[in-house]
Amino acid sequence: MSDISRRGFLAAALATAGAVIQDTVRAGRVYDPDRAGRAQTPITAADNDARIQAIEKKLRCTCGCGLDIYTCRTTDFQCTYSPGLHQEVLRLTGRGKTAQQVIDEFVAQYGQAALMAPPKRGFNLAGYFVPSIAIIAAAAILVRALRRWTREAAAVPVRTTLPPTATPEELERLQRELDRLDA
Amino acid sequence: MPLLGHLSLWVAFLVGLWGAITGFVGGARGRGDLQQSARHATFALCGALAVAVLCLEVAIFRHDFSLQYVASRTSRNLPTFYLWSALYSGQEGSLLFWAAVLSLFGALVQALTSRRHRAYLPYVAAVTSLVATFFISVMLFAANPFQRLPFTPLDGQGMNPQLQNPGMVFHPPMLYLGYISITIPFAFAIAALLTKKLDAEWLVAVRKWAILSWLFLSIGLILGMWWAYVELGWGGYWAWDPVENAALLPWLVLTAFLHSVMIQEKRGMLKKWNLALILGAWLLSIFGTFLTRSGVIASVHSFTESPVGHFFLWFLLFAAAATAVLYVTRLPLLEAEAKLESMVSREASFLFNNLLLIGIAFSVLWGTLFPILSEAVKGTKITVGPPFFNQVNVPLGLALLAMTGVGPLIAWRRASIPNLQRQFAVPLTTGVFVLLILLVAGVRDFGALMAISIGGFVLGTVVQEFARGARARHRQYGEPTPYAIVQLLARNRRRYGGYIVHVAIVLLFVAFAGMAFKTETEATLRPGESAELKGRDGHVYTFTHLGISQYNALNRQVTAALIDVRRDGKAIGRLRTEKRQHVNALGNKTFEPSTEVGIMSGLRVDLYVVLAGLVNGTEQAVFRFTINPLVWWVWFGGFVLVIGGLIVLWPGGAPVAIKGSKAPFAQAGYAVKLEPQA
């Protein structure tokens, strides 16, 4: 600030005020702004940054909605938590932190509940792998049972609904009919 | 009227208790008088609850704000359309709706069930009455819809704005109907266990009810997705919310049942499994209700935390224990009548299909409950959100989609190698062809590649099945192809209706895959300014902010933004997105402002615009623009699913070989008449 002269500062302030007034005049005031919900600030390039969005999609909003920060802040635009969390993500990335470091900061501050999915370590591994292990175990049991059943079926003499007097020709015609239906 | 409604609840409670006792005792002792009394009790129960519903609706329409329920859910200026839905928009009213519909189904079962299944009816009356009595007791002792306020306010608080949407008028009752109607197959299963009549007869009695439940759940789920998409404003339709998961669980289990029941009907196998599925589906429906109403897991859907959660938990535990004991004691009576003859058979493929469906159900249940488990075991609060569910369920879902195509291609009992080659050639070629087209088109998303190419394989299967059936009819009866297809559907509704459902599943999976190509941006626009967004369909969409208007409607103050939309510079229409501040009849603000999304729906993409708000109270506004590919196909897929389900459900048309306990032999799926050779 010390580098800016008084004249320069005044010029900048006037320009900013002029821009705001110009914006207001150009855009026009609405009848009752309160009806339109929470006042918004203009979108910046960082708001649309895919990297920021990717980080925010991994972090849970603390408002209790169960959504990630990005989805919550862009859903109804009424949440009072997600804009602050968004600013926190911007602040951390602005400091040069990587995506993982930002996530780690959130976990340090809010606990593991800050993550949209639990980290794959410790007890959480059960969360990820129990369904897969259960399905694989069930599949193994099923295959074993199927083998046993098919063995038992093979051991039992085959009973058919065909009359005992069916000739080989009739059986062959039956097979042809079945094939024709299958075809 | 409120007093009459309250009294009706007490009458219903006593009648329900009587019906349950006389049904069980009459069934156990074979006393015809008690059985008849239980039957009559179901009709009386239905009548008493109908009076209670009528009383609550009259109170709602008369704006009787002396009732806490009416005052907290409605206001004088609430549109009439939503006054109807106020009946089930809150905890107490939805419990009444549930009990009333269950009593209606219970009475219908008694009136419509054919004579040959009469042996089950006393127990069916007992179970339906008992479950309805439980719901009535919850109302009487914890959540009474006829509870009065100490004073009568001038106006009510109004209905939550998010519920003021046509989707919410139809989505909850459809889901409730699905949940509630599962009680009927469950009641028949309990009756079969108690009477020890465990052959395929009880399946005949419940099959239509099971399909009906599945159909209602399907419609409820699709409508819920539609409501979430058009109302909530986050641009998606499924968030793996605990309550969404709770609705999906019985749907998955019922889908497994509708497949495995065919094996019992045709081969007399899987008796234990089918019973377990029906019992499990009902328990999951009660579990879902517990989740929704207890507040035990945070969800956007949940009713506020209330003591009814304890009622549901104890009821669930009691029902699960009683059911398990009954089931285990009857296991020796549930031996299969035939043996599986080959690993490569329709029966085996259905078993793997069941494994996947139940596996998905388990992983969804596991993921939903894992936060509670983690907190109980480790004391660590965690979140299990969409990334977890997608990671676990997408591979399982793709495998299930593939099984949808594999099952119909494998013969009953035993498939030969030449038969397999002949059956798989066209569908596999179709799937590979689709995959190559996608790769050439530059699609690299693995999930989307798999979903669409496996979808191609399944469609190949369905088309082949229809083509072969139509060709056979053409050969046999000389019918032209379109007529032959209609005849196929008419004469074997279950099989070909099922194939229509498979087509719907393909459409849904392809549409889900489309969300991998979603693009979105936020922009601040003054009137006349534009934002551009390039979709993955190759087109550039230009959104021009035309201006803001504010006006009053019946129960809200509206701030609307009008957006001109162009595709590659060519005008394609206008979108309107709103902020709504709801007010009561006195002009008092009732809720936080809500958002109404602007959607332009097309076959390829949906253009989805949300008005975030205004800058400095001016017409300069913040918007979120999203291009959602293939969403239209979700709704179309849902429509096809319902059509397929209705075809399956429609009475008549399908002679089904029932494998009774006395039938001596296992049979193949075809009946072939051998004519004398010329």
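The domain assignment of chain B gives three entries: domain 1 (1-159), domain 2 (411-516 + 633-649) and domain 3 (518-632). Between domain 1 and domain 2 of chain B, the C-alpha centres are 43 Å apart. The model described here is predicted.

**Sheets of chain B**

One open sheet of chain B has 5 strands in the order β2-β3-β4-β5-β6, and their pairing is antiparallel. The edges are taken by β2 (530-534) and β6 (594-596) of chain B; each has a single partner strand, so one side of each has no neighbour in the sheet. From one strand to the next, the twist averages 25 degrees. Strand β4 (residues 556-567) of chain B and strand β5 (residues 570-582) of chain B run antiparallel and are joined by 12 bridges. In this pair, B:V558 is found opposite B:R580 of β5(B).

Another open sheet of chain B consists of 4 strands, ordered β1-β9-β8-β7, again with antiparallel pairing. Here β1 (519-525) and β7 (598-601) of chain B are the edge strands, and because each has a single partner strand, one side of each is left without a neighbour in the sheet. Direction ignored, neighbouring strands of this sheet are turned by 15 degrees against each other on average. Strand β8 (residues 605-614) of chain B is linked to strand β9 (residues 621-629) of chain B by 9 bridges, and the two run antiparallel. Opposite B:Y608 stands B:T626 in β9(B).

Strands of a sheet pair through backbone hydrogen bonds, in a parallel or an antiparallel way.

**Helix pairs of chain B**

| Helix pair | Axes come within | Crossing angle |
|---|---|---|
| α2 (residues 32-61) and α6 (residues 121-141) of chain B | 9 Å | roughly 40 degrees |
| α8 (residues 183-195) and α11 (residues 271-294) of chain B | 9 Å | roughly 135 degrees |

The axes of α2 and α6 of chain B cross at roughly 40 degrees, which makes α2(B) oblique to α6(B). This crossing of α2(B) and α6(B) is left-handed. On the α2(B) side, the contact is made by B:Q35, B:A38, B:R39, B:A41, B:T42 and B:L45. The α6(B) side brings B:L121, B:P122, B:A125, B:A126, B:T128, B:S129 and B:A132. By residue class, the contact of α2(B) with α6(B) divides into 8 nonpolar, 4 polar and 1 charged.

For α8 and α11 of chain B, the axes cross at roughly 135 degrees, and therefore α8(B) is oblique to α11(B). The crossing of α8(B) and α11(B) is left-handed. From α8(B) come B:T183, B:P185, B:F186 and B:A189, and from α11(B) come B:L275, B:I278, B:L279 and B:W282. The residues of this contact of α8(B) with α11(B) are 7 nonpolar and 1 polar, with no charged ones.

**Contact between the chains**

Chain A and chain B also touch each other, with 67 residues from chain A and 68 residues from chain B in the contact. On the side of chain A that touches chain B, α1 (6-27), α6 (124-155) and α7 (168-182) of chain A each supply at least two residues. The most comes from α6(A), which gives 14 residues to that side. Sorted by class, the residues of the side of chain A that touches chain B are 32 nonpolar, 19 polar and 16 charged.

Methods: Residues numbered from 1 in each chain as written. Chains lettered and ligands numbered in written order. Predicted model: local features only at pLDDT ≥ 70, side-chain atom pairs only at ≥ 80, totals over all residues. Contact = placed C-beta atoms within 7 Å. Nonpolar A, V, L, I, M, F, W, Y, C, P; charged D, E, K, R; others polar. Pairing = 2+ DSSP bridges. Axes fitted to C-alpha atoms, helices over the stretch in contact; angles between N-to-C directions. Domains from an automatic or database assignment. Parallel < 35°, antiparallel > 145°, perpendicular 65-115°, else oblique. Left-handed = near helix turned anticlockwise from the far one by under 90°.
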